[in-house]
Amino acid sequence: MLSVDRYQQEFEDYLSQNITKQEPANLYDPMVYILGLRGKRVRPVLVLMAAEIFGSDYKKALDAALAIEVFHNFSLVHDDIMDDAPLRRGEQTVHERWDINTGILSGDAMLIKAYQLFENYPGETFRRLAELFSSTAIKVCEGQQYDMDFELREKVSIEEYLKMIEYKTAVLVGASLKMGAIVAEASAENCDRIYEFGRLLGIAFQLQDDYLDAFGDPDSFGKQVGGDIIENKKTFLYLTSLQQAASKEATQLEHLYSINPPDPSAKVETVKGLFESSGAAELTRKEIQKYTTKAFEVLEELQISEERKKPLYNFGKGLMNRQV
């Protein structure tokens, strides 16, 4: 087994060899640009890691890993257009650097490229990868639509929110692991279990992200603390606080989420105080722990040696080892 850093480097080398500038430039340059902004490459690393965990050479999984990363970045290009976002990973978004039409078309080409990469696998492996990819991709789109719908709705249930983050974020983590298992020809049971491990860990990670947006250390979190509050996003913290708070505090919270003051600092601090006093902050921490525990329980059920489980265990611990 390789280290995470080594998997990342092997993947970067493969990406640079296979995603290159072509003509017409305005179709392919944005693809090279967005993929060149890097990021942590969590999803492709999981594909490669899972392949080796189940006894395959990670190199056999490079096309599946590239497909997952191309798809993920395709979704970011289109999400940025929908959000009218100016920056992605500290750089101009594709539609800002080029234009909206270029962003849409180049994004479409990325989706097609992701499917093309599965053609490098033999028949049955191709069928299973494509089937998993299609079901995952449609869920990601459904998750994005739920997220957009929730911005316009006054009432969103906690169950609806959990479904949204599962579809928008967690299913792609699960699919990444399962693709590596499929390439390695792991048993159906192990494929399903490693998918479930990734799905549960993905939900825990997103809930933690919500929590850290309000209560994290800005230096280690890497984002503006309070950003979700400023944007009036209906996160797990907000929805739980509404459910748990007394009527007067719930009304105050709803009011605060209806305004956009020029200086949002007082709003952010007041909302954070309501998250704490309602018990929502503590309940969110417990929910994070619940999903993390469930993920590691599923990991224990994998029918492989404890030694082979260790990289997944370490990865999960590392992913969740942020200040909560």
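Modeller: Phe296 counts as buried because its relative accessibility is 11%, where buried means under 20% relative accessible area, exposed over 50% and partly exposed in between, with a 1.4 Å probe and protein chains only. Tyr313, at 37% relative accessibility, counts as partly exposed. This is a predicted model, in which local features need pLDDT of at least 70 and side-chain atom pairs count only at pLDDT 80 or more, while totals for chains, interfaces and linings use all residues. Residues are numbered from 1 along each chain as its sequence is written, and side-chain values use heavy atoms, leaving out hydrogens and water.

Rings of Phe, Tyr and Trp (its six-membered ring) pair if their centres lie within 6.5 Å, and planes under 30 degrees apart count as stacked, over 60 as edge-to-face and the rest as tilted. By this rule there are 11 aromatic pairs. The rings of Tyr238 and Tyr257 are stacked, because their centres lie 4.1 Å apart and their planes meet at 25°. Since Tyr238 belongs to helix α12 (residues 236–244) and Tyr257 to the loop between α13 (247–256) and α14 (265–277), this pair ties together parts that are 19 residues apart in sequence; helices here are DSSP runs (H or I, at least four residues), numbered from the N terminus. Both Tyr238 and Tyr257 are buried.

Phe296 and Tyr313 form a tilted aromatic pair, with 5.0 Å from centre to centre and 55° between the planes. Phe296 sits in helix α15 (residues 280–300) and Tyr313 in helix α16 (residues 306–320), so that distant parts of the chain, 17 residues apart, are linked by this pair. Elsewhere, Phe71, Phe74, Tyr115, Phe118 and Phe133 are joined into a cluster by ring pairs.

Note on methods. Helices (H or I, at least four residues) and strands (E, at least two) are DSSP runs, numbered from the N terminus.
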